[in-house]
Amino acid sequence: MLAGHGVSAEVVDVRSIRPLDDAMICESVAKTGHLVVADTSWARYGFSAEVAAVVAENVPQALRAPVRRVTPPDCPAPVSWPLENAFNPGAETITRACLETLRSAQDSVPEIEDVEDVMAGFIGPY
């Protein structure tokens with residue numbers, strides 16, 4: 001789905017959460033500058049929070065946009081199959097999160113203004 005939007009993504013499939021391969025995750029973030037974590041557990045206190053913490057502690061300077069966690073809503077999980085399918089994040093939700101993350105990275109880069117234009121109206125002691 002991302003390729004249809006002209007986006008090339010690196011997918012890291014974490015096979016084990018203990019031990020967690022911190023190096024693999026950090027290498028991917030260092031290469032791409034972005035992190036979207038998709039998980040079927042809740043955002044708080046779960047796997048996605050741990051991955052975000054690993055990146056924040058080890059390679060925060062590599063991020064060009066905030067970390068995005070794609071998780072189910074923070075409410076009790078349903079127990080019927082159709083409701084579970086609606087509850088858990090799917091490909092469309094993950095694609096939307098990736099595109100929004102890329103868009104926020106573009107929006108966060110400020111335009112460099114001409115200093116003379118900025119200073120033209122400046123009045124002050126400093």
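Helix 1 is followed by Gly33, whose phi is positive, near 80°; helices here are DSSP runs of H or I with at least four residues, strands are runs of E with at least two, and both are numbered from the N terminus. The model is a predicted one, in which local features need pLDDT of at least 70 and side-chain atom pairs count only at pLDDT 80 or more, while totals for chains, interfaces and linings use all residues. Residues are numbered from 1 along each chain as its sequence is written, and side-chain values use heavy atoms, with hydrogens and water left out.

A step back gives the overall plan. The protein has 5 helices and 2 strands, arranged from the N terminus on as α-β-α-β-α-α-α. Of its 126 residues, 26% count as buried, where buried means under 20% relative accessible area, exposed means over 50%, and partly exposed lies in between (1.4 Å probe, protein chains only). Among contacts (heavy atoms within 4.5 Å) with a separation of 6 or more, 68% join residues 24 or more positions apart.

Helix 1 itself has two sides. Ile25, Cys26, Ser28 and Val29 are buried in this helix. Seen down the helix axis, these buried residues fall within an arc of 160°, so they line one face of helix 1; the arc is that of the directions from the helix axis to the C-beta atoms. On the other side, Glu27 and Lys31 are exposed. Helix 2 is included in what covers the buried residues of helix 1.

Leaving aside residues up to four places away in sequence, Ala62 touches Val29, Ala30 and Gly33.

The largest pocket holds about 760 Å³ of space. On a 1 Å grid over the protein atoms alone, a pocket is an open set of points where a 1.4 Å probe fits, with protein on both sides within 12 Å along at least five of seven lines, and lining residues have an atom within 4 Å of a point. The lining has 24 residues, with Glu10, Val11, Val12, Leu35 and Val36 nearest the pocket centre. Helix 1, strand 1, helix 2 and helix 4 each give two or more residues to this lining.

Definitions and conventions:
Grid points are joined across faces, edges and corners, and a volume is the space filled by probe spheres set on the points.
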